[in-house]
Amino acid sequence: MSLLSVSGLNVTIGATPILRDVSLSVEPGRVLGVIGESGAGKSMTALAIMGLLPAGARADGAAILEGADLLGKSEREMCTIRGRDIGMVFQEPATALDPLQTIGQQVAETILVHTGASRRDALVEADRALARAGLSQEHFPRDRFPHDLSGGQRQRVVIASAIALRPKLLIADEPTTALDVTTQARVIALFRSLVDEEGMGLIFITHDLALVTGLADDIAVMRSGEIVDGGATREVFRSLAHPYTRQLFEASSHVPVRDPALRGGAPVLEVTDVARDYLRPPRRVFGPPGAFRAVDGVSFSIGRGENVGLVGESGSGKSTLARAILGLDRVQAGSIVIDGTALDDSDRATRRKVQAVFQDPYGSFDPRQRVDTLVTEPFHLLGNEAPRGAERRQRAEAALETVGLNVADVDKYIHEFSGGQRQRIAIARALIIEPKLIVLDEAVSALDVSVRAQILDLLAELSDRLSISYLFISHDLGVVRAITDRVLVMKAGKIVETGRTDKVFASPQHPYTRELIAAAPSLSRALAG
Amino acid sequence: MEAMVSRSPGLWQRALRSRSFVIGAVLTSIIVLAAALSLVWTPYNYAAQDIPHRLMGLTAEHWFGTDQYGRDVFSQILVGARTSIVVALIAVGIGILIGTPLGLWAAAKRGTLLDEVILRANDLVFAFPALLIAVLITAVFGPGAINAIIAIGIFNIPVFARLTRAAALSLWTADFILAARVAGKNASRISVEHILPNILNTLVVQSTIQFSLGILAEAALAYVGLGAQPPIPSWGKMLADSQTLVGLAPQLALIPGLAIVLTVLGLNLLGDGLRDIFDPRLGGSRR
């Protein structure tokens, strides 16, 4: 018999249906992967099971956990079930922990709430839970605070408090999205071993197909509030019977078509021995300030029309390097030469040759300006030569057309666009002054897979047609592999390996590169293995 | 254009749904209309003395009665509204015109010596009780409406400087500011083109609050004889003059007192209402 069986679950907020006839079941000792794009209703399903729906939402149907219907329970009854029978792990480990409590206290809290245990017993039990989550007492005593730990370790603390009472069901909502690939691989291994050894049922919610393929036994594919496909993971992905599953699958492993003949030629960017220091507060009251070298002696060059990937984990100095190339920060040593001229932050003629696209499609536009003002913002770099009036508008319209948007969109405000459209507008803004190089800092990371595939196609097409070079910064190795010619691997401020993308991925030389590639979730590997 | 048209009724609908906003707006408009009316018409000359008809109660000829010199109280209230509004308006104007650029400048140069200097200068002004400095200024330069304006204005500067800096600092970390920097815009241009429009709501709300505080401060200064000088009427001065006659003619104290209370209440409600309207998180769900 199933541990949890959800049948005919409908959720509405006001008159708007959010979930329609959702049915799924979780077996003990097995992992159910729930996948889908944003807005598919994945998180809403989890919240409905937990009885944590937002105010105004109504749920009907049935969610039977070991014979008892969770939807019929009162809030008071749910309080005794949450944490004891169902554990939950959220996406952001940075905000899921109270910064003023030790990790032992936070894990012990769950135990204290649900059992009559004394404080001391609860702390001993918390130690055990932390050890089960991979934080042994010798290395991570319970009196540590969250800020002493890394992101992955914090997520282990969250997991420890979710599994402290050995719940029968664990729900994890994008638990590794905020983590680096190597950390993600370790946390995934932890989930797998917890399920295998303790016989827990796990609902694993993610947008990452490759990740879920490697972990889940069964799978449920959601789209706009409905489950459209499901079954044993292998079979679902081998047969690809449902068109939406096929579409997701193809988008995830999408490689844009590019013309290999166009690359090379004179370098547009030459970075030589660049170093960038951050000041640290002095140790003594009147002592000299310390320094932290975020980028340490980095050298590379990018040729005309060449796409170069820059990969590495958070804190490796990728974004700092990008800011230096964009002329936003001054470097402490070395030189940055763009198209033959040394970069100087007051020199507009050089700066106009480099533009950027950032990660967050929602935060990168002034909400109070219209698209034509937003897109033509880089004209500022042209000074007196900047087009005005009708010509300016024409250029804005042309830029929107280039990225596949409608000419009429110039008069709209940014809140009228979806995430993918906003990222197209960001690309239009970068293109409008015809730069030689565009720095793409995690530019597709926040997008759903199908939108991401479209944006990658657009980028590849623009690179070929306009011979623009990209510096493509990403933690997602799959994307880097799909779109770049050459790749740089960065670790602790240094470039540890560089080479042609296909060669680096086929035979990585540096141990760190090998670790990165092994940790990255891969669809083909998961299905072959 | 479509976006503008579709957006503005939303704001209006929310405005009309907010009880604080409607009451505050009505009270504030009554005071502003009274002040405007006094420019073209008052029932009597506010300064004309009429000793035989002194200390009259509320009558059909003198709606709010007369004071100890036989002057019409209703006319004085109307002209007093003008004094209060002009003093408070200019004082808040001084605060916004000097404080906001200082705050924007400090935020643009965050973490530098200049930021520190601006902040500490603000602390210095905050460290003195406002009324004490007002007394000091009027003691040195002599009493009068202009000196009262300057004294109240000075204390509005750090309020707006700090508010602007705090609001601007959080905006400086936004990606769209980064995009503007990549487009080669310098800090002052970004401050004017991107930061200022995005913090305008906050400033408007704070202005209504400071405006009501300005009216209170003017009344207080006039009460101790440091505001507008006779024969120009002011609500604070009317209160002070009526003090000795409270037993004989309580309405002389009650009427200017009520005028001050209603104005301050109206402006505070207006500020509250505006904050609710501008804050998208509160939406229309409240009240």
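Which residues point one way from strand 3 of chain A, and which the other way? In the predicted model, A:Val31, A:Gly33 and A:Ile35 point one way from strand 3, whereas A:Leu32 and A:Val34 point the other way. In a regular strand, side chains alternate between the two faces of the sheet. Residues on both sides of strand 3 of chain A are buried; the strand, spanning residues 31–35, is accordingly described as mostly covered, with 5 of its 5 residues buried.

Strand 3 of chain A is paired with two further strands. It is joined by 5 bridges to strand 8 of chain A (residues 201–206), and the two run parallel. Within this pairing, A:Ile205 of strand 8 is the bridge partner of A:Val34. A parallel arrangement is also found with strand 9 of chain A (residues 218–223), to which strand 3 is connected by 4 bridges.

Because 12 of its 13 residues are buried, helix 5 of chain A is largely enclosed by the rest of the structure. The buried residues include A:Arg154 and A:Arg156 as well as A:Val157, A:Val158 and A:Ile159. Among the elements covering the buried residues of helix 5 are strand 6 (86–89) and strand 7 (169–173) of chain A, together with helix 3 (103–114), helix 4 (119–132) and helix 6 (181–198) of chain A.

Methods:
Residues numbered from 1 in each chain as written. Chains lettered and ligands numbered in written order. Predicted model: local features only at pLDDT ≥ 70, side-chain atom pairs only at ≥ 80, totals over all residues. Buried ≥ 20, exposed ≤ 12 C-beta atoms within 10 Å, placed from the backbone. Pairing = 2+ DSSP bridges. Contact = placed C-beta atoms within 7 Å.
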